[in-house]
Amino acid sequence: MTVESTAARKPRRSAGTKSAASASTTGTKSTASRSAGAAAKKSPGATGGEPELIQLLTPEGERVKDATYDPYVADITPEDLRGLYRDMVLSRRFDAEATSLQRQGELGLWASMLGQEAAQIGSGRATRDDDYVFPTYREHGVAWCRGVDPTNLLGMFRGVNNGGWDPNGNNFHLYTIVIGSQTLHATGYAMGIAKDGADSAVIAYFGDGASSQGDVLEAFNFGAVYNAPVVFFCQNNQWAISEPTERQMRVPLYQRAQGFGFPGVRVDGNDVLACLAVTKWALERARSGEGPTLVEAYTYRMGAHTTSDDPTKYRADEEREAWEAKDPILRLRAYLEAANHADEAFFAELETESEALGKRVREVVRAMPDPDKFAIFENVYADGHALVDEERAQFAAYQASFADAGEGK
Amino acid sequence: MATEKMALAKAINESLRTALDTDPKVLIMGEDVGKLGGVFRVTDGLQKDFGEERVIDTPLAESGIVGTAIGLALRGYRPVVEIQFDGFVFPAYDQIVTQLAKMHARALGKIKLPVVIRIPYGGGIGAVEHHSESPEALFAHVAGLKVVSPSNADDAYWMMQQAIQSDDPVIFFEPKRRYWDKAEVNKDAIPGPLHKARVAREGSDLTLVAYGPMVKVCLEAAAAAQEEGKSIEVLDLRSMSPIDFDSIQASVEKTRRLVVVHEAPVFLGTGAEIAARITERCFYHLEAPVLRVGGYHAPYPPARLEDEYLPGLDRVLDAVDRSLAY
């Protein structure tokens, strides 16, 4: 299987040709010249030739064999498969509800995960309870797998807190907005696991844009140097807001692992079964002391970057249509139906459940109160701070000065 | 028996040793902190005695060091990170300001970040560029961080103990030109609060506030002024976040004059905040405006010019005279 099935992604310019030219001019790097030359022949968009794409379910829902990764899903039951389907449907429903709530003014912003359900549910379901997850701000599906109440994710987008859930409650760290920072936290946490002699593992989520950040590359390096039990799970959704992947890198993303001394693989990010298998493999490597793995889940951000974004300014509808044909939910449904693993009653019941979830999310969000004014001063420090105490008292006095004027609001 | 004379660097070394000894969760991390014992030998011998798992030589990447220290803290460790020199902290500034400082609040208090970041700082050692800076105000400005600096070996020992025990991130500025100054260290004493200022010399005519490397200069200035019949009180601030304004206020209500001294640039520095707050608190006590002595709004100069840039005895006394002349 190859990634060229991404028919939608027309290279914007002939990067391979250009780098081949510059490499031959300098004549210093024969490997660069060689690979760039190969790329120029086969695929002008990539400099590393045709990357392998791990796939267990085709877009049409056909199960394909893979000797390496089949063992990681060999014991999967029809019930498990229905579970994966349910997770994807419900997390998509939640995501859509959140987008609607933003449109209704209930949320200030929402970062949709639409299209990335397979990457998130497959990888999320590969983790064990004692593993630790470091998400970006778009891992709503992973949060779902970890058992985080989805309505907890909405607090920061509504503006009532800046995170707010207990990361240790589900071993799911707070959303991290500054791009890539969390990969270092994940690596440090994994170093701690190794020091403790535990066999847990850590998974760090990030995106194609984040792969340009120094912190991500430092995380790769620290992970490799200390052989930390961490899986670097990159959802390459093709777009960093308006910038395509060729603005971020000149080699297929997963190949960057090689330079750090650990394996990198590219998996069909819209194939939940393949994402599950590959992540299980990578987590097992981590547990058994084999160090980090880079998993590039090749997927597509079907929606906007956030509700504030307008993708029509930088990408064409045909691209999205091409990816819709590879929808992660549709292909698993096709497989379930063809294999008689799910009947109409299952799908109908799920539809009911989905509607109930949407209703609950709506109700919880609308009832979410504004925080107490004094929350500004809460938890700035664990051990307290004289200035914070002083300013809290000043703020209280100021607030109290309105008491006589009829109780403010 | 309880006290022992040692250099400031050695006092920090002993303090780290005590911490490693008493708390298995304490880790030392940084560039060259292992076999070499750090470029200033502050961690000398610690890796030999506690092993590579606890005294960790890291890749040469400051953001990576602090970022992974955050992860280790989330796992329950108490990392003590060394940044080799003041001017090298900025690759880690994002992790410190954006992640370390805010994470406790973002989690509504449900996680703690007991990370100490040691930074040898300040000039006066004839170093090359980026090795002599005083960036403390850039950290004190950030809510969520605590910022301290000892001026002597005894404080260095105890303040490091307290910083490591703190559940908040602490930026620990070490006055590198005082690393070799010796003083009595009493390891059996019960230390005062970490963020409380200390009266280093009592006086009645004017208060000098300083911290870290400038305390010694101010004590020398006070001794020189004494010969001219002026009684100068010297307050060793010790903590730049939080600042012990109560102690400054108490001193100023007595002396009615205040000069703040630091190596860092005066503009928007620690002294500016102290001047503003003390003006507010002591307006009717002050006989003169609060004056500041410090670095200029210019890059730290080449070593041959640093004596012109750094506040020395004469510049401090000049400010004392100007204040007393009001």
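**Close-up views of a two-chain model**

**View 1. R238(B) and D155(B) meet through their side chains in a salt bridge.** The N to O distance here is 2.9 Å; a salt bridge is a side-chain nitrogen of Lys or Arg within 4 Å of a carboxyl oxygen of Asp or Glu. A word on what you are looking at: this is a predicted model, in which local features need pLDDT of at least 70 and side-chain atom pairs count only at pLDDT 80 or more, while totals for chains, interfaces and linings use all residues. Residues are numbered from 1 along each chain as its sequence is written, chains are lettered from A and ligands numbered from 1 in the order in which they are written, and side-chain values use heavy atoms, leaving out hydrogens and water.

**View 2. Chain B is assigned domain 1 (3–186) and domain 2 (198–325).** These bounds come from an automatic or database domain assignment. The C-alpha centres of the two domains of chain B lie 26 Å apart. In contact (heavy atoms within 4.5 Å) are 27 residues of domain 1 of chain B and 24 residues of domain 2 of chain B.

**View 3. Domain 1 of chain B and domain 2 of chain B bury about 1800 Å² between them.** Buried area is the accessible area (1.4 Å probe) that two parts lose on being put together, summed over both. Carbon and sulfur atoms give 49% of this area. Look for E136(B), R177(B) and R178(B): they supply 23% of what domain 1 of chain B buries against domain 2 of chain B, more than any other three residues. The rule finds 4 salt bridges across this domain interface of chain B.

**View 4. K195(A) reaches E53(B) in a salt bridge.** Their closest N and O atoms are 3.2 Å apart. Across the interface of chain A and chain B, the rule finds 6 salt bridges. α7 (181–196), α8 (214–225) and α14 (386–400) of chain A each supply at least two residues of the side of chain A that touches chain B; helices are DSSP runs (H or I, at least four residues), numbered from the N terminus. The largest share of that side, 11 residues, comes from α7(A).

**View 5. Stepping back, 42 residues of chain A are in contact with 45 residues of chain B.** About 3600 Å² is buried between chain A and chain B, and carbon and sulfur atoms give 55% of that area.
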